[in-house]
Amino acid sequence: MVNALVNKKWVGVESATGTGKTFIGALITFWFIECFPNSIVVTTAPKQEQLSLHLWKEIRNLYPLFNKGELLKLRLRLNYGNDNRIALGFAAGIKADEESATKAQGFHAENMLIILEETPGIPMSVITALQNTCTSSNNLMLAFGNPDNQLDNLHRFCMLDNVEHIIISAFDHPNVVCKNSLLIPGAASMEGINRMKVRYGEESPLYLSRARGISPMQSIDSLIQVEWCIDAKDNEYMDGDYALGVDAANSETGDKAAIALGKGNKLIEVNAFQCPDSGILGKRDIVRYMNDYKISADKVGVDGIGVGAGTINALKEINIKVVNILSASSPVKINSAENFINLRSQMYWQLREDLRLKRIIIPNDNELITDLTSIKWFLRNGKIAIEPKEEIKKRIGRSTNKGDAVVYWNWVRIRRSTYQGEWKVV
């Protein structure tokens, strides 16, 4: 890790718990401001408490040995009252995303080290802003944390061409190698590893991440598994009508619109594109699909909340009434053992089950698969809830346009009603 930084390489560290990565990060902080004139070390984490209780706690513990300058709450100066050699910390949480990204753009120095702690939780917009400030040859980045999955922001950083990727396993820790859990009190131990193995299993995402530092294919709380999506291209085809799912947009440079086209249980294509006018999306693009494929209005689903309302209204002006999917509304009453917090959660769960049970076919589209497998779910008051769209966007750096369009297609391709038996294509 240190050698890579000395050689002016960026470093990404995926680590098990209790391996001392935060301690090393504190040592590197002291090294950088001591060795380089006019230097700055910028440290950030999703929450201020994480900075205070982890990296900056180690800095405070080591400061008496450093014994230079002055140490404030989240600020360390090598020289009293002078910021020519300084380390500082700021929080970069999701709720402060825009503000944090703006602040991150303001750091510049000939010698600068940026340390990202708990990197999976730092919004991609902040990471990108910090990357863009690194214009000098000795502007370095060090990102570390416990990996959540191969789609999280830590793993994505580690996979960049100019990044030295390091994996730290708990099995490599001195306590485990020397079979002495008291060698470094409170750190990784064989006992702790065995407890995780018994509780979660050796192949579980949590064990891979927390014991071995290996980034699992996806998070333990992911709604849809990667293998379901990859295998879905080979599922059995069932013929039926054409149907369309539409995720609307109204921006020349922001979020894209997406249209998913399928026939029967097979998704034929899903396209995302810039859409400056949600009304034209309805009158031009949707109408063209409907005419070309003879799609009836009850087989076209558009999320009518937000900019989608413009699409719905534009279609009404030409006497076309498609399915207005109000994703924040109450779930539909169907024969299901699950309870849902809203219609959006129900629709996504339906897609999950259709993929899990091999009921539908989808193409091997990397962007679509990333959209679908990035989404997390949880229980709220005993009801299934899906992660809000805004938080997904801040976590992965973009909107899940293709994924949303496919969810709407899957919802309207068959008639949702309360009857006994399996869903049928009608």
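The model you are viewing is predicted. Glu118 is not a glycine, yet its phi is positive, about 55 degrees. Most residues other than glycine have a negative phi. Now check the surface at this point. Glu118 is partly exposed, with 25% relative accessible area.

Go to Lys294. The loop here runs between helix H11 (278-293) and strand S12 (300-303). Lys294 also has a positive phi, near 55 degrees, and is a residue other than glycine. Is Lys294 buried or exposed? Lys294 is exposed, at 72% relative accessible area.

**The hairpin of S14 and S15**

Select residues 377-380 and 383-386. These are strands S14 and S15, an antiparallel pair joined over four bridges. Show Trp377 and look across to S15: Ile386 stands opposite. Next, pick Asn381. The hairpin has two residues between its strands, and Asn381 takes a positive phi near 55 degrees there.

**The eight-stranded sheet**

Zoom out and colour by strand. Look for an open sheet of eight strands with mixed pairing, in the order S3-S4-S5-S2-S6-S7-S1-S8. Which strands stand at the edges? They are S3 (70-71) and S8 (163-168). Each has a single partner strand, so one side of each has no neighbour in the sheet.

**Strand S1 and its two partners**

Select residues 10-15. This is strand S1, which pairs with S8 in the parallel sense over six bridges. Turn to the other partner, strand S7 (residues 138-145). S7 also runs parallel to S1, and four bridges join the two.

Now go residue by residue. On the S8 side, Gly12 stands opposite His165. On the S7 side, Gly12 stands opposite Ala143.

Trp10, Gly12 and Glu14 point one way. Val11, Val13 and Ser15 point the other way. How much of S1 is covered? The strand is mostly covered, with six of its six residues buried.

**Thr22 in helix H2**

Select Thr22. The residue belongs to helix H2 (residues 21-35). Thr22 is buried, at 17% relative accessible area. Thr22 and Leu55 lie 33 residues apart in sequence, but 5.5 Å apart in space.

What else is in contact with Thr22, once neighbours within four places in sequence are left aside? Show His54, Leu55, Glu58, Glu117 and Phe144.

**The cysteines**

Select Cys35. Its residue number is the last one of helix H2 (residues 21-35). Cys35 is partly exposed, at 45% relative accessibility. Find the closest cysteine sulfur, which is in Cys134. The gap is 19 Å, too far for a bond. A disulfide is a covalent bond between the sulfur atoms of two cysteines. The cut-off used here is 2.5 Å between the sulfur atoms. By that rule the count is zero disulfides.

Move on to Cys275. Is this residue buried or exposed? Cys275 is buried, at 4% relative accessibility.

**Zoom out to the whole protein**

The protein has 16 helices and 15 strands. The C-alpha trace spans about 75 × 50 × 40 Å along its principal axes. Switch to a surface view. The protein exposes about 19,800 Å², and carbon and sulfur atoms supply 50% of that area. Buried residues make up 51% of the 426 residues.

Colour by charge. There are 50 positive and 48 negative charges, and their mean positions are 3 Å apart. Finish with the contacts. Take those with a sequence separation of 6 or more: 66% of them link residues 24 or more positions apart.

Methods. Residues are numbered from 1 along each chain as its sequence is written. This is a predicted model: local features need pLDDT of at least 70, side-chain atom pairs count only at pLDDT 80 or more; totals for chains, interfaces and linings use all residues. Side-chain values use heavy atoms; hydrogens and water are left out. Buried means under 20% relative accessible area, exposed over 50%, partly exposed in between (1.4 Å probe, protein chains only). Contact means heavy atoms within 4.5 Å. Accessible areas come from the Shrake-Rupley method with a 1.4 Å probe; for residues, only the protein chains shown count as cover. Lys and Arg count as positive and Asp and Glu as negative; His and the chain ends are not counted. The place of a charge is taken as NZ of Lys, CZ of Arg, CG of Asp or CD of Glu. Two strands pair if DSSP finds at least two bridges between them.
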